[in-house]
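Please examine the sequence and the model before working through the solutions.

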Amino acid sequence: MTIHLITFSSALQKQSSIYKMHEVLLSELEKFFKIKYVDYKELYTLSEDDFKLVFIATGGVEKFVVQSFEALPQPMILLTDGMQNSLSASLEISYWLQCKGLKSEILHGETESIVQRINVHYNNFEAQKNIKGKKIGVIGTPSSWLIASGVDYLLSKRRWGIEFLNIPIENIVKRYEEITEDEVGEQAAIIAGKALACREASPDDMIRAMRVYKAVKQICEKENLSAITLNCYKLISMIGTTGCLALSLLNDEGIVAGCEGDLQSIFTFLAIKAVVGKTAFMANPIEVNIKKNEIVFAHCSVSTKLTEQFIIRNHFESNSGVSIQGILPIGDVTVIKCGGECLDEYYVTSGRLTENTNFLNACRTQIRVKLDSPADYFLKNPIGNHHLVILGNYEEALDAFFASNNCKRVE
């Protein structure tokens, strides 16, 4: 990892003496990172792809930081060892940023803790870079009942650098009608052969579901999409089958895919992949037990790669098409949702998947999770309906990422 250390020092100090004054700290950091020292006057030589920290080497530099503010990285991470009144200057700069409503952090103290925080900030930087420029296809507009899950496309682009692209669902239907059984039959048989069982769905249902998968994948390739969200209920009304299997297989292949046209959830999905490199289970909470601090999540699509075994079913609400009933492994999980019209708030908690339930009156894949934070969040202050469940405990990494982007954590 290379750190570009933007150095601020008073005019009274010679650049040649900066390293010597702070050798104890800098020599230790050089054991862990490759460091390139950049005088703040040379900021223009750096690109947005360079990972940068701000090194406050002396006092009396506050005005230089303010003058250079537009070119400095955000959030601003200030490194200081306290020598030459550098900690005092860092405190003043940090408060100035707070007054502007901006995030900052002062790295000071034990080398071990500084190194740990630098690694966190580097991971956040790489995740932000990974998200920036990504295109999310919104196929068929959001479902009508998602009254609180909308996103302002322009504000989201300004904050995250992402682009939402509206795609008429008729484009999928047209491609679906052009795809023949011969084109998908073999792959349908392979998927069916991997299933533990095949219940309500017929072979014809599998073929039609695979035609949807191929149609959506063609759109992803044509539009260079990193993620899609599909209004599956419109699809049912138009061609009589669902997108559940298509979304499952796309997630298996690394294309982030969610249903119901939920814009907030699909961005959360994309952020999860960028931060921790994992796919997730997008689901509805269907039961909350405050006393036991438990919640049951359910949905009709899940990546088969998340499952230990899976059963091919039909879609719960419509009794049509193909869906996946996945059996997920018992163990640690993370529950997360990013929301708000400009995607500036989030909820995250760790927990433990304790059981795969099988209620008859709920979507096919069902999991019971015992949360590590109060379950009454879902009844008192939820960020909408859908939440994302990740296998493994990634609460700390995801919290650090969203906090670094000045998002508000909802409890």
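**Exercise 1.** Determine which residues line the largest cavity, and characterise that lining.

*Solution.* Step one: the lining consists of L247, N251, A257, G258, C259, F269, A280, M282, H299, S301, V302 and S303. Here a cavity is a set of points on a 1 Å grid over the protein atoms alone where a 1.4 Å probe fits but cannot get out, and lining residues have an atom within 4 Å of a point. The model is predicted: local features need pLDDT of at least 70 and side-chain atom pairs count only at pLDDT 80 or more, whereas totals for chains, interfaces and linings use all residues. Residues are numbered from 1 along each chain as its sequence is written, and side-chain values use heavy atoms, with hydrogens and water left out.

Step two: two or more lining residues come from each of α11 (244–252) and β10 (256–259); helices (H or I, at least four residues) and strands (E, at least two) are DSSP runs numbered from the N terminus. The greatest contribution, 3 residues, is that of β10.

Step three: the lining divides into 7 nonpolar residues, 5 polar and no charged. In this scheme Ala, Val, Leu, Ile, Met, Phe, Trp, Tyr, Cys and Pro are nonpolar, Asp, Glu, Lys and Arg are charged, and the others, Gly among them, are polar.

Step four: the largest cavity holds about 90 Å³, a volume being the space filled by probe spheres set on grid points joined across faces, edges and corners.

**Exercise 2.** Is T304 buried or exposed, and which residues does T304 touch?

*Solution.* Step one: T304 lies in the loop between β12 (294–299) and β13 (309–313). Step two: T304 counts as buried because its relative accessible area is 18%. Step three: leaving aside residues up to four places away in sequence, T304 touches S248, D252 and F310, where contact means heavy atoms within 4.5 Å.

Definitions and conventions:
1 Å grid on protein atoms, 1.4 Å probe; cavity = no way out; pocket = protein on both sides within 12 Å on 5 of 7 lines; lining within 4 Å. Buried < 20%, exposed > 50% of the residue type's maximum accessible area, 1.4 Å probe, protein only.
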